Amino acid sequence: MKKWGSFILVLAYLVIVHPKAYSQIDSLKLINIELNGAGIEQFVLALEKQTDLHFYYDVSQFDSITFNINAKKQPLIKVLEQAFAQTDFQFSIAAPDYAFITKGKSVNTDLPTTTASGERSGNNQVSNKMPAYKKPGEEKDNLKTTLENKIYEIGDKSSPALQNSVILAGNVTDAKTGEPVVGAYLHVEKANISIITDQFGYFSISLPKGRHIINIQSLGMKDTRRQIQLYSDGKLNIDMQSTILTIKNVTISAQKLSNVRGTQMGLQKIDIKTIKQVPVVFGEADILRVVTTLPGVKTVGEASTGLNVRGGSADQNLILFNDATIYNPSHFFGMFSAFNPEVVKDVELYKSSIPARYGGRLSSVLNINTREGNKKKITGGAGLGLLTSRINVEGPLIKDKTSFLIGARTTYADWLLKELPDQYKNSKAGFYDLNLNLTHELNKKNTIYLTGYLSRDRFNLNSDTVYGYKNKNLSLKWKHIFNNKINSLITGGLDQYSYNISSNKLPMNAYKMGFDIHQKYFKAHFNYYLNNTHTIDFGLNSIYYKLNPGYFNPDGKSSLVIPDQIATEQALESALYLNDRYNITPEFTVEGGVRYSMYNYLGPKTVTTYAPGLPITESNMTGSIAYEKGKFIKTYSGPEFRISTRYALTDSFSVKASFNTQRQYIHMLSNTAAMAPTDIWKLSDPSIRPQYGEQVSLGLYKNFKSNTIETSLEVYYKRLSNYLDYKSGANLVLNHHIETDVIATKGKAYGVEFLIKKLTGKLNGWISYTWSRILLKQDDPLAGELINNGLFYPANYDKPHDVTVIGNYRMSHRFSVSLNATYSTGRPITLPIGRFFYAGSERTLYAGRNAYRIPDYFRTDFSMNIDGNHKIHQVTHNSWTIGVYNITGRKNPYSVYYISENNVINGYKLSIFGSAIPYINFNIRF
Amino acid sequence: MNKLIGFALVLLVTGCKEKFISPAPDVVTGYLVIEGVINNDGGLTTVKLSRTTSLNNNSDIPEKGAIVRLEDSNNGNLLLPESSDGNYTIDNLHLDTTIKYRLDIKTSNNEEYVSDLVAPRYNPPIDSVSWERDDKGVTIFINTHDPKNNTHYYQWDYNETWEFHSAYFASLKYVEVNNVITNVVYRDASDPQIAICWQYNTSGAILLGSSLKLSQDIIRLPLIKIPPASWELSVLYSVIVRQYSWGKEGYEFLERMKKNTEGVGSVFDAQPSELNTNFHCVSNPSQPVIGFFNICTIREKRIFIRNSELPNWGYHMGCSEVIIENNPDSLRSKAAGLLPTNPLILGPFGSVVTFYAAEPICVDCTLRGYNVKPTYWP
């Protein structure tokens, strides 16, 4: 290195101090040359033959340049001038032996900042091209340019030439905050190999030895590239600049390319910037509501953040918040999602080919990734809305090593409750959520992540019934890089969800009741980058569930309530998985995964037995068996297959197909259409079998206009079995033998999803259209009562047509407007077909489950995002969001019901938001 | 949960409840509906038979001409004759609680329905019907308990009666000739009494209570809420509460019906449930039938609440009187639409020169109730 440094210094002296220090002899030496359409190599070779000079140049810069020169006895300098006359190439003849051909104004000899590591031994090739002028404020660009034009020499040059392929690995980070850039797309030119950084910004790629140019693109980041000279395995860390302050926005997003190139089907990824642009009720950026605008994702209505993905029920989604399972992702009766938008980085939704590392739910995986704290300096932000406020602070604890991120959110909706009629005047409602992320980099190969999450909701309904629920999650993650080929991720954590209700209005009947679920999990994930054609993922997951299905206890001394507690349930769910991504050719990729999952229902528990071959009813109970602690009561197991394949017809057009099977061992019990706060979960047991689902899908992906417009078309067909539905009048709360109240149904779902997406440019957004059906059937008379006479009936969330338009127009960098519109078919309901008189009133007669539909849904929202000025050097940056939810004021029915009032049956439709709802939000960043 | 529902409703639904016109076709279902509990305390038993009808049909369809018999497991049977359209009654039943009974119904169109055999059920006497007053008015509670800890499932219904008075006790009335008021004279004994009236109300909701989750079979539940300053308690109020005891399935039948028709309209509505029954159509087993056969001692308790027990109840009709001269011109221009109350200035021989008059609703209580005193009224 020292040698190299002094060499540069000499060069600097020669070039800077004596810019015209051409060697007299060489520069004037007469040359004979005649070339037609020759490349640089030929040109240089010709010159080198006739002079003593050795030319240094960057081959890649001359890719498209050809030389047409006819010179006879011309001085070298003339020849060179002639050759580069119409280009921006410069040449310098530095010493008797050296000449440089560079792109740019001149040769600059500043020592380039290097983040490349790896041994370097000896050199006979260098390129150093720098713009001559540094305009004030251009520093960043220049830095970038420097890094881009520098050639990183990686590896040991003297390494034996036995292997042709070597492994390059490294991290892509945000130059400003030090945070990893997830999902950055690296494409190696010529070799035509691409890779996407993982959730830690890490990548590992196998390349032939030699010179490569890597183009790096990521959403919200300036495109950059690196030139490398690869000798052996080595590391390359890449810093990217964010595009926030650029005038011309030419971002090409990572997922546009990955959409066509990745093997994943039905993967939707949205970053928080996009989420924040979408207008939502009360102006609180809401992750789950934005997810519902994607094709194939539905929700039963506005008061529910429960997602129905491709005909799946709300409990068939695995919602992971930094690996922690969130059982109730909503606040305030489902009005808000439980995730603070300020700490979220992005959201990924897997709905067709679910990677083998995930399992345990049938429909989808919703992966919510939080940001890591800023490693360079303390920053933060705060937001004020009509109903909620939030704050977040982040920064380094040890610079470049340890960072923290804290986010908190709370509500002050009590003022709204004061506006309610008298009977609710004493009500109180509130929620909060807290996030804590710590990241510590032990060394280059080991990083530790600690994530904590707490969310709590509490409602006091006119000092009568107090109702609350909370999520608590803690996880510790250790990322270890063994070498460039293998890295691992070991995660352990605790997830808890509980709800409780208490009432003390009538002292004799005062009670406290509740439900909770605890799970401890361990995940070990290994990523083995075998070579260019094979990338292997393998690992194991294990979850230990402890579920308290319900308690009902007296509250106060005068209460006569008998304490009632349903015995806890325990289970262990484990899975081993192996996944191989096999790039058969650059165009054709197959990804095959197997996940073998095993579920053990564990004691201590007394299990009721039922007469075999008869319906599971109270009258068919035969007895009970008590199992001791740790005893395996029932084991279910089986393989799950995850196969997907991609064939790229062109660079921007590909076809994908996938086949997936899933097993789900935990069920949510809910007899309401919406995801109610009192829903409970149930583990599979000897009488309730795990749910099983399989899905085939086929998709076409085509990008237009340099990948700025992305389109996709996916078709799927899905079969479900053992999906739980309920007998009439099922009692789900504190039921000691819940198996007698549920019935296993079969289901089929199919649909077509269409998406056009443009995330760059002044006008951006997406249009999605879905046509889909989800039908259920219970035709086994042995299983209990038949629903709909054993014929298929639509599920509650079967909404065949669904169109969403999300649009955003950036008038300037400080002002943008967003508009979204959504239309969907009304959801199915059971309507009365007649009436009768009983017990002093008219009563309704119901028949035919879900045979009718509520009126169709249509809504338009509008918002304006106003940013303060973009000067970098100010203490705070402010922004405003002003908008109107449901701008047309349409009364979209959420449900329809019939009620007997004054002995007359009346039908009503109920809307959640019956008018336009304006909102304003103020945000500050520091 | 109900409160929660209500809360969510009010919070979110700001005037967003609209009438819904059903897209479901008008189906003529015509299923038999059997209502009534066999009263085993010697009192009157009424079994009401009717048919389900389409949603848009506003009149009830009583099932006439059926043969309703109470059969016991020893092959004895009693006929319940039809006392009025669709009502089949029997009095003074004292059934043997050690054997089981069933109801057998043969309709005029030759359908036959039979219930399961059920034993007469014990029903503990009502301990008390009590009331409490707070700023939300008066709440009437039912208090009952089963010392044997064996009843658990209760249903109640009630009949309210209240006495109320006209704002002005009228001593005058108009004399009308060809619908024109010509004179004002004193009322006499032959005129209908219009100062004191009674009004009635029957529970329209299914009132259920269970002590299953309590350590003792004790019930104390609010049944009726009377808002402050309301007319029910302006003079004298009375309610008779009847208590029925049920088995688990019968209670569930009532609970489902209640959920389907009363506990709806929230964001978190449960799916409508099919009603369970212990009746079967013998002639056509797939024919749906609505009802649940039950035999118990029907207990009842009546209480009275006087206005004097409720200081500052605050009932106020908002009436005022005007003065009218008793001459044809004045009567013609002023008296129409008002009723005379009492004289102001008397002329010779007790003739009325000027008199007070007020809105009819303030004078004639029969516009809001009945002027016949109930037999049980003190």
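Student: Which residues have the most contacts inside the largest nonpolar core?

Tutor: This is a predicted model: local features need pLDDT of at least 70, side-chain atom pairs count only at pLDDT 80 or more, and totals for chains, interfaces and linings use all residues. Residues are numbered from 1 along each chain as its sequence is written, while chains are lettered from A and ligands numbered from 1 in the order in which they are written. A nonpolar core is a set of buried Ala, Val, Leu, Ile, Met, Phe, Trp, Tyr and Cys residues joined through C-beta atoms within 7 Å. The largest has 89 residues, and the most contacts inside it belong to A:Ile287, A:Val291, A:Val347 and A:Leu366.

Student: Which residues does A:Val347 contact, leaving aside neighbours within four places in sequence?

Tutor: Contact means that two C-beta atoms, placed from the backbone, lie within 7 Å. With those neighbours set aside, A:Val347 touches A:Ile270, A:Ile287, A:Val291, A:Leu366 and A:Ile368.

Student: What share of chain A counts as buried?

Tutor: A residue is buried if 20 or more other C-beta atoms lie within 10 Å of its own, exposed if 12 or fewer, and partly exposed in between, with C-beta atoms placed from the backbone. Chain A has 926 residues. The buried share is 47%.

Student: How many helices and strands does chain A have?

Tutor: Both are DSSP runs numbered from the N terminus: helices are H or I with at least four residues, strands are E with at least two. The tally for chain A is nine helices and 59 strands.

Student: Why do the buried residues of H3(A) line one face of the helix?

Tutor: Helix H3 spans residues 40-50 of chain A, and A:Ile40, A:Phe43, A:Val44 and A:Leu47 are buried there. The arc is taken from the directions from the helix axis to the C-beta atoms. Seen down the axis of H3(A), the buried residues line one face because they fall within an arc of 90°.

Student: Which residue of S1(B) is the bridge partner of A:Lys909?

Tutor: Strands pair if DSSP finds at least two bridges between them. Strand S58 (residues 904-911) of chain A runs antiparallel to S1(B), joined by three bridges. They belong to an open antiparallel sheet in the order S57(A)-S58(A)-S1(B). The partner of A:Lys909 is B:Glu18.

Student: How many bridges join S33(A) and S34(A)?

Tutor: Strand S33 (residues 511-529) and strand S34 (residues 534-554) of chain A form a hairpin with four residues between them. A:Lys523 stands opposite A:Asn541. The antiparallel pairing runs over 18 bridges.

Student: Which residue of S36(A) stands opposite A:Asp537?

Tutor: S34(A) also runs antiparallel to strand S36 (residues 569-583) of chain A, through 14 bridges. Opposite A:Asp537 stands A:Asn579.

Student: Which turn residue has a positive phi in the hairpin of S10(A) and S11(A)?

Tutor: Strands S10 (residues 185-188) and S11 (residues 193-196) of chain A pair antiparallel over four bridges. A:Val188 stands opposite A:Ile193. Four residues lie between the strands, and the one with a phi of about 65° is A:Lys190.

Student: Is B:Ser286 buried or exposed?

Tutor: B:Ser286 sits in the loop between strand S21 (279-281) and strand S22 (289-291) of chain B. It has 5 C-beta neighbours inside 10 Å, so it counts as exposed.
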